[in-house]
Amino acid sequence: MSLNLDDALQTFIVESRELLQQMEEALLQAEHCRDDGERINAIFRAAHTIKGSAGLFGFDHVVAFTHGAESVLDRLRNHEVVFDDALVVLLLEVCDHLGVLIALLAEKATPDAATADRSAILERRLAAYLAPPAAAHEVKAGELTI
């Protein structure tokens, strides 16, 4: 029995969309209960699974984008960043953008300049949560003025 790559890709797309829906629901619920470790772990697992599966298909732009979110979520799981309103909003934006990237894969299209720019902006905002506290504040403030 041979593996049909198109079938595998369709499975990846369907499963990624389901994971993104679960991630969004968990983020929306997290707005009301920030200290739910299991919910945070579920959000992390969704991002981690999408990143790993995208890597199997060689979708490096999805892997690179998701890596930043996964790193922030890992810091969140370890209580190294605060799960405040700004982070919830950012992670919801990341979730939406991942949905755009997955939709492009479904269409067998590559990201256009605007989509690539959006990826870069979100990656910079995520990176602020990975920087030392003083530097994180400077990047966040800089992003707000754009």
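Analyst: Gladly. The protein has 6 helices and 0 strands, and please keep in mind from the start that this is a predicted model.

User: Let's look at helices 3 and 4. At what angle do they pack?

Analyst: Helix 3, which covers residues 60–77, packs against helix 4, residues 85–106, at an angle of about 155°, and their axes are 11 Å apart. That angle makes helix 3 roughly antiparallel to helix 4, since an angle over 145 degrees counts as roughly antiparallel.

User: Is their crossing left-handed or right-handed?

Analyst: The crossing of helix 3 and helix 4 is left-handed.

User: Which residues meet there?

Analyst: On the side of helix 3 they are H61, V62, F65, T66, A69, V72, L73 and L76, and these meet L87, L91, V94, H97, L98, L101 and L105 in helix 4. Sorted by type, the residues of this contact between helix 3 and helix 4 are 12 nonpolar, 3 polar and no charged.

User: Why would residues three or four places apart point the same way?

Analyst: An α-helix has 3.6 residues a turn, so residues spaced three or four places apart point the same way.

User: OK, now the next pair. How do helix 4 and helix 5 pack?

Analyst: Helix 4 and helix 5 pack with their axes 11 Å apart, at an angle of about 150°. These two helices are therefore roughly antiparallel to each other, and helix 4 passes helix 5 in a left-handed crossing. From helix 4, the contact uses L90, L91, E93, V94, H97, V100, L101 and L104, while helix 5 brings T115, R118, S119, L122, R125 and L126.

User: How many nonpolar, polar and charged residues are in that contact?

Analyst: The contact of helix 4 with helix 5 divides into 8 nonpolar, 3 polar and 3 charged residues.

User: Which residues of helix 5 are buried?

Analyst: In helix 5, the residues T115, S119, L122, L126 and A128 are buried.

User: What span would you expect for these helices, and what do they reach?

Analyst: Helix 5, residues 113–128, has 16 residues and reaches 23 Å from its first C-alpha to its last, close to the 22 Å expected at 1.5 Å a residue. For helix 4, the 22 residues should span 32 Å at 1.5 Å a residue, and this agrees with its end C-alpha atoms, which are 32 Å apart.

User: Changing topic: where is E70, and is it buried or exposed?

Analyst: E70 has its place in helix 3, and with a relative accessibility of 7% E70 counts as buried, because buried means under 20%. Not counting residues up to four places away in sequence, E70 touches F44, H48 and K51.

User: What about V63?

Analyst: V63 also lies in helix 3, but V63 is partly exposed, with a relative accessible area of 21%. Leaving aside neighbours within four places in sequence, V63 is in contact with K51, A54 and G55. The C-alpha atoms of V63 and G52 are separated by 7.3 Å, although the two residues are 11 residues apart along the chain.

User: And is D85 buried or exposed?

Analyst: D85, which has its place in helix 4, counts as exposed, with 53% relative accessibility. D85 and R34 are 51 residues apart in sequence, and their C-alpha atoms are 9.6 Å apart in space.

Key:
Residues are numbered from 1 along each chain as its sequence is written. This is a predicted model: local features need pLDDT of at least 70, side-chain atom pairs count only at pLDDT 80 or more; totals for chains, interfaces and linings use all residues. Side-chain values use heavy atoms; hydrogens and water are left out. Axes are lines fitted to C-alpha atoms, for helices over the stretch in contact, and angles run from 0 to 180 degrees between N-to-C directions. Helices (H or I, at least four residues) and strands (E, at least two) are DSSP runs, numbered from the N terminus. Angles under 35 degrees count as roughly parallel, over 145 as roughly antiparallel, 65 to 115 as roughly perpendicular and the rest as oblique. A crossing is left-handed if the near helix is turned anticlockwise from the far one by less than a right angle, and right-handed if clockwise. Contact means heavy atoms within 4.5 Å. Ala, Val, Leu, Ile, Met, Phe, Trp, Tyr, Cys and Pro count as nonpolar, Asp, Glu, Lys and Arg as charged, and the others, Gly among them, as polar. The expected span of a helix is 1.5 Å times one less than its number of residues. Buried means under 20% relative accessible area, exposed over 50%, partly exposed in between (1.4 Å probe, protein chains only).
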